[in-house]
Amino acid sequence: MNTASAPAEEPRWLTDEEQRTWRAYMHAATLLEDHLDRQLQRDAGMPHVYYGLLVQLVEAPRRRLRMTELAMNAKITRSRLSHAIARLEKNGWVRREDCPSDRRGQFAVLTDEGHEMLRQAAPGHVSAVRQAFFDRLTPEQNQALGDAMRVIAEGLQPKDAGADLPWLR
């Protein structure tokens with residue numbers, strides 16, 4: 001029996017154009033996240049991820065979501081969500097409620113104070129997003145970027161029960 005392993009297949013290296021695109025994406029994504037995080041820290045005293053959680057809650061029926069659903073929507077780990085919700089609770093913006101149908105489940109609920117904070121923070125945040133992102137793109141670029149990002153996201157979010165996704169960790 002031959003125990004020699006087959007030679008490793010050569011990686012599909014990025015072309016020069018792919019490398020430029022990848023690096024431009026990484027550069028822009030890092031700068032954009034930092035820009036939005038600094039704006040929200042300065043104007044609302046919260047990081048961008050917390051703002052996103054509050055937005056998820058304000059858009060949910062009765063301003064409440066199961067913690068697992070909130071983690072999935074935010075694309076973050078359950079431990080990161082738990083830490084964030086604890087901080088939002090400390091600020092009085094969110095409260096947790098036990099799930100009556102599942103003793104292990106909990107809901108995150110947006111409080112009236114959290115709703116008011118979000119109402120005050122939203123105009124500045126929307127302005128920062130528009131200035132940093134949409135105002136720099138033509139309508140055609142916006143459409144193409146949106147289409148491309150949806151394709152990428154769909155490919156990275158498998159439907160398998162055993163998928164290794166942040167909110168399942």
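Student: Which residues is R64 in contact with, leaving aside its neighbours within four places in sequence?

Tutor: In this predicted model, R64 is in contact with L57, E97, F107, A108 and V109, its neighbours within four places in sequence being left aside. R64 lies in strand β1, which covers residues 64-66.

Student: Is R64 buried or exposed?

Tutor: The cut-off for a buried residue is under 20% relative accessible area. R64 has a relative accessible area of 16%, and therefore counts as buried. R64 is also linked with R95 and E97 in a network of salt bridges.

Student: How many salt bridges does a search of the whole structure find?

Tutor: The search finds nine. Among them is the pair D34 and R38, with the closest N and O atoms 2.8 Å apart. Both residues lie in helix α1, four residues apart, or about one turn of the helix. D34 is partly exposed at 38% relative accessibility, and R38 is partly exposed at 48%.

Student: How should I read a nonpolar core?

Tutor: In soluble globular proteins, nonpolar side chains tend to be buried together. Here the largest nonpolar core has 26 residues, and M46, L54, L70, L81, I85, L88 and V94 have the most contacts inside it. Two or more residues come from each of α1, α2, α3, α4, β3 and α5, and α2 gives the most, with five. M46 touches D37, L40, Q41, Y51, L54, W93 and M117, residues up to four places away in sequence not being counted.

Student: Which residues form a nonpolar patch on the surface?

Tutor: The patch is formed by L14, W22, Y25, M26, M149, I152 and L156, which together have about 690 Å² of accessible area. Helices α1 and α6 each supply at least two of its residues. W22 has its place in helix α1 and is partly exposed, with a relative accessible area of 46%.

Student: What feature does UniProt place at residues 18-154?

Tutor: The unreviewed UniProt entry gives "domain: HTH marR-type" for this span. In the model, residues 18-154 are 71% helix and 13% strand, with end C-alpha atoms 20 Å apart.

Notes:
Residues are numbered from 1 along each chain as its sequence is written. This is a predicted model: local features need pLDDT of at least 70, side-chain atom pairs count only at pLDDT 80 or more; totals for chains, interfaces and linings use all residues. Side-chain values use heavy atoms; hydrogens and water are left out. A nonpolar core is a set of buried Ala, Val, Leu, Ile, Met, Phe, Trp, Tyr and Cys residues joined through side-chain atoms within 4.5 Å. Buried means under 20% relative accessible area, exposed over 50%, partly exposed in between (1.4 Å probe, protein chains only). Contact means heavy atoms within 4.5 Å. Patches are made of residues with over 30% relative accessible area and no salt bridge: like charges are joined within 9 Å, nonpolar side chains (Val, Leu, Ile, Met, Phe, Trp, Tyr) within 5 Å. Accessible areas come from the Shrake-Rupley method with a 1.4 Å probe; for residues, only the protein chains shown count as cover. A salt bridge is a side-chain nitrogen of Lys or Arg within 4 Å of a carboxyl oxygen of Asp or Glu. UniProt positions are given in the numbering used here, feature names are shortened, and annotations may be inferred rather than shown by experiment.
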